[in-house]
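Please open the model in your viewer and keep the selection panel at hand. The tour goes from one selection to the next and says what is to be found at each stop.

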Amino acid sequence: MTNQDDATPNKTKSHVINCGEFIDITVVMEWRNKLLKILPVASDVVLEASDIERIDTTGLQVLIAFIKDANVKGISITWLVPSDVMRNAARLTGLTDALELPNAV
Amino acid sequence: MTIDMEQFKSTYIEESHEGLEVMESKLLELDSGTADKEAINSIFRAAHSIKGGGATFGFADISDFTHVVETLLDEIRNGKRDINHEAIVLFLTSVDVIRDMLTASQQGIEIDQARASEVKQQLEKMLDTPSDDTATAAEPEDNCSTSGWKIHFVPFPEMLARGNDVVRMLRELEDLGTLDVKADVAKLPALEDLNPEECHIGWDIILSGTATRDQINEIFVWVEGDCELTITPLLDTNQSGSVPDHDAKPENKADNAADVTPIKQVLQPKQTPLNASPAAERRVPGTESSSIRVDIEKIDALINMVGELVITQSMLSQLGEDFDMSRCEKLLHGLGQLERNTRELQESVMRIRMIPISFAFNRFPRMIHDMCGKFGKKIELKLTGESTELDKTVMEKIGDPLVHLVRNSLDHGIELPDLRVAAGKPEFGTVHLNAYHQGGNIVIEITDDGAGLNKDKIFAKAVEKGLVESGAVLQDEKIYELLFQPGFSTAEQVTDISGRGVGMDVVKKNIQALGGSVEVATELGSWTKFNIRLPLTLAILDGQLICVGKETYIIPLISIIESLQIDQKSVSAIAGKAELYKLRDEYIPIIRFHHVFGVHTDTLSLDDGLLVVVEGNGSKAALLVDDLLGQQQVVIKSLETNFKKVDGVSGATILGDGTVALILDVAGLIRVAQNGKFQQPRNIIENDGVAA
């Protein structure tokens, strides 16, 4: 998992999260902990998902939980060039809306 | 990262053998009419796992063959095809083929492709045969005109952690038609409360197209029991039935939930309570395996024992640090405790190798099924004491002798139904296998209520073969023991099961090689019982310590008939310097132990020593030894592993004083003595007063 930012007390900072090449059950706990740290400090988050080559149900689920919590806290979420793999996984599972992914490719 | 699949192959083969056993026992239950519809599901699941694993681990032959079996089973479990005796026999043959394939793969030998191909063709021919109309009518749902399927799928939280992935499943589902997927994320907890390896999302899926229920079931079969699943057909608009309800409001979901059934119930529409047959839990020993599954309780017991040992060791070392004679009693108490701990630890370790006799018994239902079909006999198999445990090695070695004895009961013992009825017996004969522990041994009984043994016939045959003189008077037991002579058979007809007279001597020899014994009892016209007695383990034996010169040897107690002081009048010498001892009515060759093993001893005269009369492989001998020391249990160490094979010696052990003592192989020792292949010790002056 690569992430351009680390948890920072600066609430106004825009966070760019590089989703890396895969988010699956082998790393999902690390992702949950990482995203948890971002929630209290971010004002807006950019999910950079162009490199994702593999994502499973747990990966989708942890991102949805993050986005739901972000919405509650008023944090804006923006996807940056989500990969076809990412889009396709979301479409197949009917989670495109929950992930707030743009419909157009 | 690459995963080395080799490490999983042996596990796959082992588990597949277990799967085959489930298939076999359930097929036999189906054939006997004692199974319910769940049996066919169990058979299908086993075949499915074997097929899937075969493909994963590179056993393409096994996977391809099992695929056809699975397809046929799938049609049966979905009610599209009836299962009949013919199909069961074909499935049982398929089980044999798969088992042979697994064994060949395990041993790295060529698979019998001709046989596999022949059976596969028979399976394919059956598949090509149109399904039975009646059976088809049983599942109208699958055959009415459907435009697709509505699938309600809610994984249980742990489903994902078991290696299942909804993304992959839906991708496979999409291959069957057009998908419309609605996910329900309402139950997804906040990130802080989320265990991300658990699943908290549910799905309602509309699959449009011509997919069959079987194809959908195929995708969900791996998550059986790990989810709620309902699959309902979308009927054409002119038919009544379920209609997709994507617009159902969340509050309606609670009502819908009442219809949600766990996958097991959906995939098994005709489910009735399981016939709780213990046979399903048994395993068939396919080949001798190098691994063993150990009950976790046995491991826990072992850990407890080690814990106790550590405590005792710590107590003793504390005592040793500050020891004086006033604490002698405490030391003795500690040593006693150490002895107890060691003994218990030894017993616990030995228990790890113990497995239930059901491993050996489990092959017989199939054998009897096949034999009955072949010879028109009606036989009921009764198994008792299946949980009686014995050492894994003994178990593996007793399998073949047991098969031979049971075959004998089936072939010579149990009569044809009309003969039984004419004799006032029930039409069904019974073969009863029973096992129990008795005095440190396991006893296995094979009893049949067949024709019994005709002692006059056996005696006449023995006379004909020159085994006994015609005028000899033998006790009944001695006559029955003649059955175990090589080449002995009284069967009027030689069948392919038994009757060639080859085998009973081998049975006895194999059992004796395990340190066991076999006896037969019978009543003409009523029953025959073979009684096998075996040691629980081959790792420990009860031995008699003997002394020759400065050396100590161990004779297995089971080989000793008696020990006696020598009466010179009973000793006679024959040509070739052989000496015989007359013991009651028998002449027994004397083996001067020190000659065979080249040991220096001062006991050269027969008067000074003792004779130990032993028996091995049906031959008796009297061993001249210096003295008898005592009897004790000894732990057997392999001589072959630690040194090399020595004729006449089966192993070695370490005695309490740290010296090594050789354990005698009595049969081998007699053979060595008879062949004279030993070196006489040098500087021995023979001084025997041998009576002529």
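For the first stop, a convention is needed: axes are lines fitted to C-alpha atoms, for helices over the stretch in contact, and angles run from 0 to 180 degrees between N-to-C directions. Please also bear in mind throughout that this is a predicted model.

Begin by selecting residues 85-107 of chain B, which form helix α4, together with residues 113-128 of chain B, which form helix α5; these two helices pack at an angle of about 150°, and their axes are 10 Å apart. If you turn the view to look through one helix at the other, the crossing of α4(B) and α5(B) is left-handed. To see what makes the contact, show the residues B:E86, B:A87, B:L90, B:F91, B:T93, B:S94, B:D96, B:V97, B:D100 and B:M101 on α4(B), and B:R115, B:A116, B:V119, B:Q122, B:L123 and B:M126 on α5(B). Coloured by class, the residues of this contact come out as nine nonpolar, three polar and four charged.

Next, stay in chain B and select helix α2 (residues 37-56) with helix α3 (residues 60-77), which pack at an angle of about 155° with their axes 8 Å apart. Angles over 145 degrees count as roughly antiparallel, and α2(B) and α3(B) are therefore roughly antiparallel to each other. Their crossing, too, is left-handed. Among the residues that make the contact are B:I40, B:I43, B:F44 and B:A47 of α2(B), and B:I62, B:T66, B:E70 and B:L73 of α3(B). The residues of the contact between α2(B) and α3(B) divide into ten nonpolar, six polar and four charged.

Now bring chain A into view and select the interface between the two chains, to which chain A contributes 26 residues and chain B contributes 28 residues. Chain A and chain B bury about 2100 Å² between them, with 67% of it on carbon and sulfur atoms. Within chain A, highlight A:T57, A:Q61 and A:L92, which supply 31% of the area that chain A buries against chain B, more than any other three residues.

Note on methods: Residues numbered from 1 in each chain as written. Chains lettered and ligands numbered in written order. Predicted model: local features only at pLDDT ≥ 70, side-chain atom pairs only at ≥ 80, totals over all residues. Heavy atoms only, no water. Helix = DSSP H or I, 4+ residues; strand = E, 2+ residues; numbered from the N terminus. Parallel < 35°, antiparallel > 145°, perpendicular 65-115°, else oblique. Left-handed = near helix turned anticlockwise from the far one by under 90°. Contact = heavy atoms within 4.5 Å. Nonpolar A, V, L, I, M, F, W, Y, C, P; charged D, E, K, R; others polar. Buried area = accessible area lost by both parts, 1.4 Å probe.
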